[in-house]
Amino acid sequence: MSDKVSLGKLSTGVQGLDVLLGGGLSEFSFNLIAGPPGSGKTTLAHQIMFSIATTERRALFFTVLGEPPLKMLRYQQQYSFFDMQKVGTAVRYINLAEDLRAGDFSTVLARVMKEVEDFAPSLVFVDSFRSVAQTARSGNEGVADLQDFIQDLGTRMTSWQATTFLIGEYANSDAEASPIMTVADGMISLTPVHDDNSVVRKMRVVKMRGQAHMNGSHTFRITGDGIRVYPRMLPPLAQDHHDGAPVDRDARRIPTGTTDLDVLLHGGLPQGHSLLVTGPSGCGKTILATRFLQEGARRGDKGVALSFEKGTSRLRNAELAEMVAAGDVEVLESRMIDLTVDEVLEALNEAIDRTGARRVVVDSLSELSLYLAPEGRNQLRSTVFQMLTALAKRNVTVLVTMGMDDDFTHLRFSQSEIAYLTDAVVLMRFGESAGQLRRFISVVKVRGSSHSHDLREFHIDDIGIHIDPISSAHEGVLHGLPTSRGAA
């Protein structure tokens with residue numbers, strides 16, 4: 001016979017986890033959930049159990065804690081996934097603490113076997129399994145007893161035709177974990193990462209036999225709905241051809257809301273492009289971004305604004321506040337200081353799906369970096385790359401702003417070498433002339449498109465930004481500043 005055995009997959013019910021596992025949990029597999037205290041092991045186990053368990057697919061949850069299961073249930077009931085109607089019918093709790101006090105593994109195994117035979121579960125959980133290991137006698141004899149017990153339990157678990165989970169506070173260096181890791185078909189490691197007063201929870205699939213799981217560490221959060229995993233991955237690559245026909249690369253131009261800037265862009269910003277507007281504080285970046293959203297609202301294009309400094313309840317920008325009130329723009333904001341790019345992208349994608357937005361504004365990348373966990377803060381370039389790549393796949397037009405210190409002598413376009421990641425760059429800056437501080441603007445680059453290379457003076461009034469045409473009156477000022485020619 002050449003037919004291959006097909007492994008059934010069980011959806012965990014944990015958002016994002018099935019992606020890490022390569023499609024879900026293998027049915028009848030033997031899994032280890034490992035991590036230090038407070039990492040979310042018990043919560044993950046309960047969320048999986050209540051998602052899968054039914055009256056036809058029952059679950060047994062063995063606890064080996066010194067405290068009764070009632071205390072654990074009191075806290076697990078606070079999550080939305082907990083279904084009290086399943087307790088007793090689809091889910092049964094058994095406390096093994098009394099059996100463990102005898103210190104005889106055969107007694108524990110006999111109790112486990114009896115409960116399994118009586119209830120005939122499809123899912124079995126033991127929490128915390130390390131408590132079982134720590135009851136082993138010291139010396140070689142105790143280690144041998146433990147290994148025999150684990151091998152016997154693993155063999156019996158396979159015969160039960162049940163998907164099993166052992167939950168314990170293990171690290172890869174723990175000696176008592178070695179036989180468990182060898183027998184286990186799958187291992188999920190949960191780790192809280194402490195860095196610079198921030199804590200970010202990470203999940204890693206160490207092993208998952210028979211399926212291509214995702215490697216690396218991935219962020220997860222514990223919310224009122226339970227655990228939510230953010231897989232660290234880029235969207236699929238765009239196809240250069242569709243049905244054998246070349247893709248039309250002459251994207252339509254969309255107006256930015258600043259007419260004079262559209263002239264410099266030779267007709268507007270190409271649809272689906274990302275535009276970086278960079279310059280020092282007070283030069284008008286937020287005004288330009290607001291006009292971009294306002295123009296979209298006028299044309300029926302919904303917008304999403306990612307903001308960190310200005311809450312919607314205290315927006316100083318009356319136009320943006322009006323768009324939010326009218327439902328034309330949704331503002332995403334956060335007061336957390338340990339965000340990850342995965343969470344930011346998730347929020348952006350959900351907002352785009354909700355609103356059908358065609359325009360996105362991030363104001364600003366400088367502020368975003370203050371709210372990221374140290375990992376993302378130290379790797380701002382890769383963070384921006386991941387964000388822009390995901391948004392480009394959705395063909396939304398993105399305007400991001402970034403503050404820059406202006407020393408009036410050096411010409412820079414962004415911090416952390418971010419300028420090359422965007423499709424277009426607009427530089428705004430100040431210049432001194434005749435006892436006045438003047439503002440200047442230039443289009444540095446637009447990929448795949450022609451654009452003006454002029455450095456122009458501009459003014460801001462109640463209507464918006466107005467860019468002056470080049471005239472001889474400005475030549476002295478322009479000659480005193482670096483130009484953007486050849487800088488693209």
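**Notebook: aromatic rings**

I looked up Y93 and got 14% relative accessibility, so Y93 counts as buried (buried is under 20% relative accessible area, exposed over 50%, partly exposed in between, with a 1.4 Å probe and protein chains only). The model is predicted: local features need pLDDT of at least 70, side-chain atom pairs count only at pLDDT 80 or more, and totals for chains, interfaces and linings use all residues. Residues are numbered from 1 along each chain as its sequence is written, and side-chain values use heavy atoms, with hydrogens and water left out.

I searched the whole structure for aromatic pairs and found six (rings of Phe, Tyr and Trp, the last by its six-membered ring, pair if their centres lie within 6.5 Å; planes under 30 degrees apart are stacked, over 60 edge-to-face, the rest tilted).

I checked F50 and F81: the centres are 6.4 Å apart and the planes at 40 degrees, so this pair is tilted. F50 is in helix α2 (residues 41-52) and F81 in the loop between α3 (69-76) and β5 (91-95), 31 residues apart (helices are DSSP runs of H or I, at least four residues, and strands runs of E, at least two, numbered from the N terminus). Both F50 and F81 are buried.

I then took F61 and Y93, a tilted pair with 5.5 Å between centres and 45 degrees between planes. F61 lies in strand β4 (residues 59-63) and Y93 in strand β5, so the pair ties together parts 32 residues apart in sequence. F61 has 0% relative accessibility and therefore counts as buried.

I noted one aromatic cluster, formed by F50, Y79, F81 and F82.
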